[in-house]
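Good morning, and thank you for making time for this.

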Amino acid sequence: MARIYRESCLTMSTVITVTLLIAVGPTPGIGETSVPVKMTYSTIYRIRSRSLLPSGLFFIVHGVSDIQCYARCLLSTRCLSVNYKRANQMCEMSTMTVATASSATSIDLINNDEYHFMDKMDFPAGLGGQCADSSDLEENCRIPGLQTNREDPSPVPVTGVETFVERPYDGIESTVRSYKGERCHAQHKCRNLAGFNPMSYCPVSRFDCQSNWTVATLSCSEYDCFDTANVRYMGRVSCTVGGTVCQRWDTNTPHTIGAVVAASIASMTTSNNWCMPIRYHRPWCYTTDPNIRWDVCPVDDCQ
């Protein structure tokens, strides 16, 4: 017979209660109690403290505990290991393990005081909750404290560049709504930028939690970042942080371009809908949604 124990596992900064199923014999009779077995964090989790696997990153989750990070990886068919950063509760999921990285790319764990690495095969299966024994990631399949709808969208492939997906999606100071912790939006990102010409793209996928993810595109050109010092952007992103397609600068449909903006772009080539930092501190655009006049665009700052 299996008995449920609730074990308090001490982490670096918090106490987390984990429910484990342990075979111990007959269930106690009336009046009997099961005594919790106290274990240290490292006893239950074979974690590589102060270590980071820098290869194979495909997805980042923000604002989750370490337990939720490991549980989220269990629900992803692509996730084979995680790097967890407790300082800002960031969970980096990777398609590699130490074994595959060492044999395939000669990349191994590196020392990093801020991160903790763990192989998926070392996770307690019970962390998956009701989803542990099922590939069903529909809306009814939940982990307590970690609301997740379906599988994450697949990263957009770009030749010569490593790409990944960020969800929950925080967006960038949208003028329309807050995207803090948004799970029905995902932003596709480039691990690095390459030296080729930019192309028109929209890195945001949207999911209405009942159908499929919208198609996203990436450019990953060296021009696809925002130069904050000089307030300059030469990339070609063509949608807002919410995934709405931008309006062309040479039209007044569905929104009339303001006189001040019109004067600023008079000498520019405007037969496109690429975001620009015109008289604003971030790239933005008018939108093709009649109900949203303008919004900022999903462009990361240059490093």
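**A proline and its surroundings**

Pro277 has a relative accessibility of 17%, so it counts as buried; buried means under 20% relative accessible area, exposed over 50%, and partly exposed in between, with a 1.4 Å probe and protein chains only. Please bear in mind that this is a predicted model, in which local features need pLDDT of at least 70 and side-chain atom pairs count only at pLDDT 80 or more, while totals for chains, interfaces and linings use all residues. Residues are numbered from 1 along each chain as its sequence is written, and side-chain values use heavy atoms, with hydrogens and water left out.

Pro277 is found in the loop between α4 and β12. Helices (H or I, at least four residues) and strands (E, at least two) are DSSP runs, numbered from the N terminus. Which residues does Pro277 contact, leaving aside its neighbours within four places in sequence? They are Phe226, Val231, Tyr233, Arg282, Pro283 and Trp284, where contact means heavy atoms within 4.5 Å. Between Pro277 and Met234 the C-alpha to C-alpha distance is 9.8 Å, with 43 residues separating them in sequence.

Let me turn to the chain as a whole. It has four helices and 13 strands, and 48% of its 303 residues are buried. Of the contacts between residues at least 6 apart in sequence, 63% join residues at least 24 apart.

Next, the sheet. Eight strands form an open sheet with mixed pairing, in the order β4-β8-β6-β7-β5-β9-β10-β11; two strands pair if DSSP finds at least two bridges between them. At the edges are β4 (48–52) and β11, each pairing on one side only. From one strand to the next, the twist averages 30°. Strands β4 and β8 (residues 110–119) run antiparallel and are joined by four bridges. Ser51 stands opposite Asn111 in β8.

Helix α2 lies across β5 (57–62), β6 (81–85), β7 (90–94) and β8, at about 160° to β6. Axes here are lines fitted to C-alpha atoms, for helices over the stretch in contact, and angles run from 0 to 180 degrees between N-to-C directions. Why is α2 (residues 66–74) described as largely enclosed by the rest of the structure? Because eight of its nine residues are buried; among them are Ile67, Cys69, Tyr70 and Cys73.

Finally, the aromatic residues. A search of the whole structure gives six aromatic pairs. Rings of Phe, Tyr and Trp (its six-membered ring) pair if their centres lie within 6.5 Å; planes under 30 degrees apart count as stacked, over 60 as edge-to-face and the rest as tilted. Tyr169 and Tyr179 form a tilted pair, 5.8 Å centre to centre with 50° between the planes. Both Tyr169 and Tyr179 are buried.

Trp249 and Tyr286 form an edge-to-face pair, at 5.8 Å centre to centre and 65° between the planes. Trp249 lies in the loop between β11 (204–206) and α4 (259–264), and Tyr286 in strand β12 (residues 284–286), so the pair ties together parts 37 residues apart in sequence. Trp249 and Tyr286 are both buried.
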